[in-house]
Amino acid sequence: SIAVETFYNTAAEVEGAIAAIYAPLKTIYGSEFLPLLECSTDYHKGGGSYAPNSEFQGMNSTNITRAGTKWESFYLGIRNANLILANVPKTQRLNDEIKNRYLAEAKFMRALIYFQLVRCWGDVVIRTEANMAEPSVKRSPSSEVYKLIKDDLLFAENLLPANEPAPGRATKWAAKTLLADVYFYTENHTEAASKAKEVIDSGKYALVEVSTADDFTKLFGPEVI
């Protein structure tokens with residue numbers, strides 16, 4: 001089996017480890033996570049993503065289990081990011097530029113996950129490469145979670161590539177966009193506007209008016225995916 005002590009040495013090995021951060025998110029965004037965020041709202045009259053309308057009781061036992069699996073997937077992604085952050089700096093077989101790019105991607109992904117966690121659960125356990133071996137860690141105030149998110153994204157935006165190395169991979173523009181969202185949620189509106197303007201002024205992205213089925217197909221059709 002693969003041992004942590006002998007892994008994370010080559011670009012191919014680190015690429016595989018990076019993919020392991022993304023993998024748990026597929027089970028989150030590709031399943032019930034987004035409906036779970038709506039199931040207890042006033043305008044949603046069902047008891048969850050599958051419960052009948054007459055059973056509206058907020059987070060019923062079925063949806064509590066669904067939320068629990070998402071929690072586990074989030075922290076699995078964080079664990080995999082932390083393994084990269086702990087081990088990639090030790091390798092002598094990659095130059096600093098390549099190592100920093102991988103570290104930046106791991107920090108971006110960790111920030112993305114914690115941004116979801118802190119908005120859903122508030123005070124949560126902060127797991128970083130520094131405390132991975134500790135068996136029991138208390139929850140941290142949401143302000144500390146947001147500080148970690150901002151620090152990770154500020155690191156990432158400076159070292160991530162401008163163009164994605166593969167479809168769906170993180171870029172400096174993704175980091176800037178997420179940082180703008182984080183500033184907005186923490187009521188740092190001036191910083192949020194400034195960071196969002198950097199993305200707008202890059203000229204790489206634009207709003208698209210989807211008015212016909214053809215337009216929708218061009219954006220989200222099978223050839224694009």
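A residue is called buried when its relative accessible area is under 20%, exposed when that value is over 50%, and partly exposed in between (1.4 Å probe, protein chains only). The structure is a predicted model, in which local features need pLDDT of at least 70 and side-chain atom pairs count only at pLDDT 80 or more, while totals for chains, interfaces and linings use all residues. Residues are numbered from 1 along each chain as its sequence is written, and side-chain values use heavy atoms, with hydrogens and water left out.

The protein contains eight helices and two strands. Helices (H or I, at least four residues) and strands (E, at least two) are DSSP runs, numbered from the N terminus. Along the sequence, these elements follow the pattern α-α-α-α-β-β-α-α-α-α. Of the 225 residues in the protein, 40% are buried.

The axes of helix α4 (residues 96-121) and α6 come within 11 Å and cross at roughly 25°. Helix α4 is therefore roughly parallel to α6. Angles under 35 degrees count as roughly parallel, over 145 as roughly antiparallel, 65 to 115 as roughly perpendicular and the rest as oblique. Helix α4 passes α6 in a left-handed crossing; a crossing is left-handed if the near helix is turned anticlockwise from the far one by less than a right angle, and right-handed if clockwise. The axes of helix α5 (residues 142-159) and α6 come within 9 Å and cross at roughly 155°. Helix α5 is therefore roughly antiparallel to α6. The crossing of α5 past α6 is also left-handed.

Helix α6 includes L179, which is buried at a relative accessible area of 0%. The C-alpha atoms of L179 and L153 are 6.3 Å apart in space, although the two residues are separated by 26 positions in sequence.

Charged side chains were considered next. Side chains of opposite charge can pair when their charged atoms come close. A salt bridge is a side-chain nitrogen of Lys or Arg within 4 Å of a carboxyl oxygen of Asp or Glu, and by this rule the count comes to 12 salt bridges. In one of them, the side chains of R169 and E15 meet at 3.1 Å, N to O. This pair links distant parts of the chain, since R169 is in the loop between α5 and α6 and E15 is in helix α1, 154 residues apart. R169 is buried, with a relative accessible area of 14%, whereas E15 is partly exposed at 28%.

A salt bridge of 2.6 Å, N to O, joins the side chains of E198 and K176. E198 is partly exposed, at 31% relative accessible area, and K176 is buried, at 8%.

Within helix α4, D96 and K99 lie three residues apart, about one turn of the helix. The two residues form a salt bridge in which the closest N and O atoms are 3.8 Å apart. D96 is exposed, with 54% relative accessibility, while K99 is buried, with 10%. A network of salt bridges links K107, R110, E129 and D152.

Most residues other than glycine have a negative phi. Y8, in the segment before α1 (11-29), has a positive phi near 65°. This residue is buried, with a relative accessibility of 7%. E187, which lies in the loop between α6 and α7 (189-201), also has a positive phi, of about 65°, although it is not a glycine. E187 is exposed, with a relative accessible area of 63%.

L34 lies in helix α2 (residues 33-38) and is partly exposed, with a relative accessible area of 49%.

Methods. Axes are lines fitted to C-alpha atoms, for helices over the stretch in contact, and angles run from 0 to 180 degrees between N-to-C directions.
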